[in-house]
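Please open the structure in your viewer and keep the sequence beside it, so that each selection can be followed in both places. The tour moves from the whole chain to single residues.

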Amino acid sequence: MSRVGWRDLGFYARARLSRGLARWVNRRASPPVPVAPLGDVLTGARSPLALSRLLEGRSNVEREGAVARWLQARGVPFARERFETFEGRGENFCVEVGGGDRALVLIAHHDAVPGSPGANDNAASVAILLALLERWATREPPVRVRLLFTACEELGYLGSRAWVRSHGVADVAGVLSLEMPGVGDSVAVWDAPVDTPFLATVRGALEGMGLRADESYHVVGRIPIFGSDHRAYAAAGVPAYGLTSVPTAHADALRQFVFHPVRATLRSTVRRPPPFDTYHTSRDAGTTLDEAALARVVKALEAVAEELG
């Protein structure tokens with residue numbers, strides 16, 4: 001176990017508060033969603049929507065095991081790294097494709113909060129990276145891409161912090177962590193308060209696929225509470241951002257929601273704008289996912305890899 005610092009204690013306290021809130025919100029949850037048999041998913045369709053069923057509704061231990069099973073079943077070489085601290089424990093999985101000295105890091109956490117099926121947060125993100133692996137199996141990207149499937153993101157992105165402590169960031173060109181990619185008609189890049197060459201690459205990729213700034217894609221500054229895995233890299237000095245799909249019609253309401261964290265935390269889930277209306281709730285089921293939103297994010301990540309290459 002690593003030495004405990006004040007920053008780690010802060011993550012621990014916030015994570016426990018978040019999990020407690022999730023349990024309270026889901027205390028009168030509907031019956032659990034049916035869990036797809038693992039064998040059916042492993043041998044079934046390989047679209048992001050279909051692959052999201054790999055994790056939806058499973059416990060975190062089962063979600064972790066399902067990612068490993070999928071990679072093994074598809075014959076994908078991958079590294080696995082178990083970690084344990086006083087904050088929690090889990091296993092990260094890493095796949096590398098392409099070549100080059102520096103890597104584009106794409107992250108999708110495989111855990112969910114208590115009482116939530118975790119479809120949009122974050123089974124859909126894992127499914128998107130698995131769909132990209134299917135595409136890159138026949139035609140590698142023009143840049144080295146590291147796909148990280150992390151554990152314990154809901155515990156203050158513990159899995160990514162453990163990975164960065166073990167491996168450093170010397171070979172990292174930029175990072176995108178996927179969060180809630182399955183609802184909406186536009187893409188949001190967040191925790192991007194200043195311009196960087198990597199952010200310019202991301203913008204160029206999105207515009208190259210026909211998206212328009214402040215219309216079909218949005219770049220947003222630092223968000224107060226809703227962090228994710230990329231922050232472990234940002235703290236180490238690497239350009240690192242969150243990537244989410246959002247509905248354009250609710251863009252203003254979303255800005256108000258995420259930039260007023262105390263009010264956001266205390267609000268009833270009924271008043272949350274999508275995609276936060278199902279965030280950390282029992283309603284975060286696969287039936288809410290939009291196939292077009294998932295496909296848009298897949299295309300965006302392919303475009304970023306092409307632009308960086």
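What follows is a list of stops, each with something to select and a description of what is there.

**Before you start**

This is a predicted model, in which local features need pLDDT of at least 70 and side-chain atom pairs count only at pLDDT 80 or more, while totals for chains, interfaces and linings use all residues. Residues are numbered from 1 along each chain as its sequence is written, and side-chain values use heavy atoms, with hydrogens and water left out.

**Stop 1: the whole protein**

Show the protein as a cartoon, and you will find 11 helices and 8 strands; here helices (H or I, at least four residues) and strands (E, at least two) are DSSP runs, numbered from the N terminus. Of the 309 residues in the protein, 56% are buried, where buried means under 20% relative accessible area, exposed means over 50%, and partly exposed lies in between, with a 1.4 Å probe and protein chains only. Contact means heavy atoms within 4.5 Å, and among contacts between residues at least 6 apart in sequence, 78% join residues at least 24 apart.

**Stop 2: Ala36**

Select Ala36, which is in the loop between α1 (6–25) and α2 (38–43) and counts as buried at 9% relative accessibility. Leaving aside residues up to four places away in sequence, Ala36 touches Val41, Arg53 and Arg58.

**Stop 3: two helices side by side**

Next select α4 and α5 (residues 119–136), which pack at an angle of about 10° with their axes 12 Å apart. Axes are lines fitted to C-alpha atoms, for helices over the stretch in contact, and angles run from 0 to 180 degrees between N-to-C directions. The angle makes α4 roughly parallel to α5, since angles under 35 degrees count as roughly parallel, over 145 as roughly antiparallel, 65 to 115 as roughly perpendicular and the rest as oblique.

Which residues in α4 and α5 meet? From α4 come Arg63, Val67, Trp70 and Leu71, and from α5 come Asp121, Asn122, Ala123, Val126, Leu130, Leu133 and Glu134. The residues of this contact divide into 7 nonpolar, 1 polar and 3 charged; Ala, Val, Leu, Ile, Met, Phe, Trp, Tyr, Cys and Pro count as nonpolar, Asp, Glu, Lys and Arg as charged, and the others, Gly among them, as polar. While you are here, look at the peptide bond from Asp121 to Asn122, which is cis, with omega near 20°.

**Stop 4: an edge-to-face pair**

The structure holds 7 aromatic pairs; rings of Phe, Tyr and Trp (its six-membered ring) pair if their centres lie within 6.5 Å, and planes under 30 degrees apart count as stacked, over 60 as edge-to-face and the rest as tilted. Select Phe78 and Phe93, an edge-to-face pair at 5.9 Å centre to centre with 70° between the planes. Phe78 lies in the loop between α4 (60–73) and β1 (79–85) and Phe93 in strand β2 (residues 88–97), so the pair ties together parts that are 15 residues apart in sequence. Phe78 is partly exposed at 22% relative accessibility, whereas Phe93 is buried at 0%.

**Stop 5**

Now select Phe226 and Phe257, which are stacked, with 5.8 Å centre to centre and 15° between the planes. Phe226 is in the loop between β7 (217–219) and α8 (230–234) and Phe257 is in helix α9 (residues 251–258), so this pair joins parts that are 31 residues apart in sequence.

**Stop 6: Tyr157 and α6**

Finally, select Tyr157, found in the loop between β4 (144–150) and α6 (158–167), which has a positive phi of about 40° although it is not a glycine. The charged end of Arg161 sits over the ring of Tyr157, 6.0 Å from its centre; the rule asks that NZ of Lys or CZ of Arg be within 6 Å of the ring centre and within 35 degrees of the ring normal. In α6 itself, 7 of the 10 residues are buried, Arg161 and Trp163 among them.
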